[in-house]
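Dear colleague,

I am handing over a structure for you to look at, and below it I have set out what was found in it. Please read the notes with the coordinates open beside them.

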Amino acid sequence: MSYVLEFIVAPLPEDDAATAWELARKIIEAAPQNGPPHPAFVRLHDIITSVYPCLSSYADDDMAIDECPWSDGPLIDNFGEQSGSLGIVDSPDFISIRGFVNNIATELGINVLDEQMGKIRWSDPNMYLDRRYRIYVQGVEPGLDLEEVACALAGAYHRDQSEVRKLLLEQGNFVTGLNWISALRDQQLVGKLGANCTIGPDHAN
């Protein structure tokens, strides 16, 4: 059984949760079934699948499909003009993945309905989109091999493996000059590949 998040691009009242839920339900029920996805949903889809590929992108015999967190695919088919949804399967990384989706969606101006938690996360585009951020790596997750993590990061970011290994050992800036949404995305990807990392302001920018 998957954990379902629902999405609304229309504004919802933040001062009255009951009214917000009622309005959201009306929007979902009235939404066209076959319309093209809203541009914000397309961007959400593209960002989250750049870290966790869509279920439909795997070959039938690809064992890595077991690592896919999405319950169905193509994922883009779950999004329409006004509303959308996606299911996240249970896994050790479930909390991190749910938080990642929530953070990206709200930064893109999308409201997230979490019926299982009885919560709405209202859209909250960052006020400082002109600021720049960096991803700072701090070694690797306990139990992981440094060389394997360096190899994975080097492949994902088209970097020299020895350079990446040095950054992991010396704890330094891995990616710089990012806007906030890109920083959220890269933090998730770098963490998924096994490195301890944090987002910080890019003072050079």
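Which residues of α6 are buried? Before the answer, a word on the basis: this is a predicted model, in which local features need pLDDT of at least 70 and side-chain atom pairs count only at pLDDT 80 or more, while totals for chains, interfaces and linings use all residues. Residues are numbered from 1 along each chain as its sequence is written, and side-chain values use heavy atoms, with hydrogens and water left out.

The buried residues of α6 are Ile 181, Ala 183, Leu 184, Asp 186, Gln 188, Leu 189 and Val 190, where buried means under 20% relative accessible area, exposed means over 50% and partly exposed lies in between, with a 1.4 Å probe and protein chains only. Helices (H or I, at least four residues) and strands (E, at least two) are DSSP runs, numbered from the N terminus. The partners against which the buried residues of α6 pack are α2 (39–51), α3, β5 (133–140), α4 (146–157), β6 (173–178) and β7 (195–201), contact being heavy atoms within 4.5 Å. The end C-alpha atoms of α6 are 18 Å apart, in agreement with the 18 Å that its 13 residues should span at 1.5 Å a residue, the expected span being 1.5 Å times one less than the number of residues.

Helix α3 is largely enclosed by the rest of the structure, because 10 of its 14 residues are buried. Among those buried residues are Phe 94, Ile 97, Arg 98 and Glu 107, and the buried residues of α3 pack against β1 (3–8), α2, β2 (83–88), β3 (111–114), β4 (119–121) and α6. After α3 comes Gly 109, with a positive phi near 85°.

The largest pocket holds about 520 Å³ of space and is lined by 24 residues, of which Tyr 52, Asp 93, Ile 97, Gln 188 and Lys 192 lie nearest its centre. The elements that give two or more residues to this lining are α3 (94–107) and α6 (180–192). On a 1 Å grid over the protein atoms alone, a pocket is an open set of points where a 1.4 Å probe fits, with protein on both sides within 12 Å along at least five of seven lines, and lining residues have an atom within 4 Å of a point; grid points are joined across faces, edges and corners, and the volume is the space filled by probe spheres set on the points.

The largest nonpolar core has 49 residues, and Phe 7 and Trp 70 have the most contacts inside it. A second, separate core of 8 residues includes Leu 12, Ala 24, Ile 27 and Ile 120. Such a core is a set of buried Ala, Val, Leu, Ile, Met, Phe, Trp, Tyr and Cys residues joined through side-chain atoms within 4.5 Å.

In the loop between α2 and β2 sits Cys 54, which is buried at a relative accessible area of 9%. Beyond residues up to four places away in sequence, Cys 54 touches Thr 49, Cys 68, Trp 70, Gly 73, Pro 74 and Leu 75. Of these, Gly 73 and Pro 74 are joined by a cis peptide bond, with omega about 0°.

His 158, in the loop between α4 and α5 (161–170), has a positive phi of about 55° although it is not a glycine, and it is exposed, with a relative accessible area of 74%. Gln 171, in the loop between α5 and β6, likewise is not a glycine and has a positive phi of about 60°, and at 42% relative accessibility it counts as partly exposed.

With best regards
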